[in-house]
Amino acid sequence: KTDVKPEIRFRSRHLSGDASADEVLQHNTWDDIEWTAEEVAAAEAVIGSQSSRAPPDAAELGASAWDGHYAVNMRNYHDRHYLYNEFPCLHPQARESAEPITVLETGCGAGNAMLPLLALDPSARVLGCDVSGRAIALVNERLAREAL
């Protein structure tokens with residue numbers, strides 16, 4: 001048998017079409033809804049039934065997996081030249097200014113996208129981040145080897 005659905009409650013507060021950004025950010029979507037005692041009890045029961053042990057550290061698990069990956073798969077990685085193909089403004093000949101650029105690549109891996117960019121434009125400042133310490137070590141080794 002299907003349970004009876006809870007009563008539908010409509011929000012009574014609506015922002016006008018000309019509401020400012022500050023006005024919109026002052027309100028939570030559901031801050032005008034009052035919870036019944038039964039809803040509070042049900043929410044507390046769900047929270048109480050959840051495990052109290054801490055979840056595994058996702059960054060640590062991810063780093064470990066990627067470290068293992070780079071330990072055995074380096075021959076599968078080749079330089080990629082898509083950054084300045086996809087973003088022509090990164091190419092030194094396409095830039096309007098002679099000012100050096102700064103690029104941040106998150107999840108840079110072994111540097112196969114950012115290092116060709118740096119080789120093309122040695123004045124660029126390229127920052128790479130990755131959860132894998134092994135990947136970062138590979139980037140640093142290549143930077144030293146190629147004097148980039």
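Me: In the segment after which helix does Ala147 lie?
Reply: The model is predicted. Ala147 is exposed, with a relative accessible area of 69%. The segment that holds Ala147 comes after H6.

Me: What is the phi of Ala147, which is not a glycine?
Reply: Ala147 sits in the segment that follows H6. Although Ala147 is not a glycine, its phi is positive, at about 50°.

Me: What pattern does the protein follow when read along the sequence?
Reply: The protein holds six helices and two strands. Read along the sequence, these follow the pattern α-α-α-α-β-α-β-α.

Me: Where in the protein is confidence highest?
Reply: The average pLDDT of the protein is 80, and 79% of the residues score at least 70. The lowest confidence is in helix H1 (residues 21–25), with a mean of 63. Where pLDDT is low, the predicted coordinates should not be read in detail. Confidence is highest, at 93, in strand S2 (residues 125–129).

Me: In which sense do S1 and S2 pair, and over how many bridges?
Reply: Thr102 stands opposite Arg125 in S2. The sense of the pairing between S1 and S2 is parallel, and the number of bridges is five.

Me: Which element gives the largest share of the largest nonpolar core?
Reply: The largest nonpolar core has 14 residues, and those with the most contacts inside it are Leu90, Met114, Leu117 and Val126. Two or more residues come from each of helix H4 (82–86) and helix H5 (114–120). The largest share is four residues, and it comes from H5.

Me: Which residues does Leu117 touch, not counting residues up to four places away in sequence?
Reply: Leu117 is among the residues with the most contacts inside the largest nonpolar core. In soluble globular proteins, nonpolar side chains tend to be buried together. With residues up to four places away in sequence not counted, Leu117 touches Leu83, Tyr84, Leu90, Val103 and Val126.

Me: Is Tyr84 buried or exposed?
Reply: Tyr84 is in helix H4. Leaving aside neighbours within four places in sequence, Tyr84 is in contact with Leu90, His91, Pro116, Leu117 and Leu120. Its relative accessible area is 17%, and the cut-off for burial is under 20%, so Tyr84 counts as buried.

Me: What distance separates the C-alpha atoms of Tyr84 and Pro116?
Reply: Pro116 is one of the residues in contact with Tyr84. Along the chain, Tyr84 and Pro116 are 32 residues apart. The separation of their C-alpha atoms is 9.3 Å.

Me: How many disulfides does the count come to?
Reply: Cys108 is buried at a relative accessible area of 6%, whereas Cys129 is partly exposed at 37%. A disulfide requires sulfur atoms within 2.5 Å. The closest cysteine sulfur to that of Cys108 is in Cys129, and it is too far for a bond because the distance is 6.8 Å. The count of disulfides is therefore zero.

Me: Which residue does a polar contact of 2.6 Å join to the side chain of Arg142?
Reply: Arg142 is in helix H6 (residues 133–145), and its 12% relative accessibility counts as buried. Not counting residues up to four places away in sequence, Arg142 touches Asp79, Asn112 and Leu115. The partner in the polar contact of 2.6 Å is the side chain of Asp79.

Me: What distance separates the C-alpha atoms of Ala71 and Ala135?
Reply: Ala71 belongs to helix H3 (residues 58–72). Ala71 is partly exposed, with a relative accessible area of 45%. Ala71 and Ala135 are 64 residues apart along the chain. Their C-alpha atoms are separated by 9.0 Å.

Me: What percentage of the contacts with a separation of 6 or more comes from residues 24 or more positions apart?
Reply: The protein has 148 residues, of which 20% count as buried. Among its contacts with a separation of 6 or more, the share from residues 24 or more positions apart is 54%.

Definitions and conventions:
Residues are numbered from 1 along each chain as its sequence is written. Side-chain values use heavy atoms; hydrogens and water are left out. A nonpolar core is a set of buried Ala, Val, Leu, Ile, Met, Phe, Trp, Tyr and Cys residues joined through side-chain atoms within 4.5 Å. Buried means under 20% relative accessible area, exposed over 50%, partly exposed in between (1.4 Å probe, protein chains only). Contact means heavy atoms within 4.5 Å. pLDDT is the predictor's confidence in each residue, from 0 to 100. A polar contact is a pair of N or O atoms within 3.5 Å; within protein, one must be able to donate a hydrogen and the other to accept it, and residues adjacent in sequence count only if both atoms are side-chain atoms. Two strands pair if DSSP finds at least two bridges between them.
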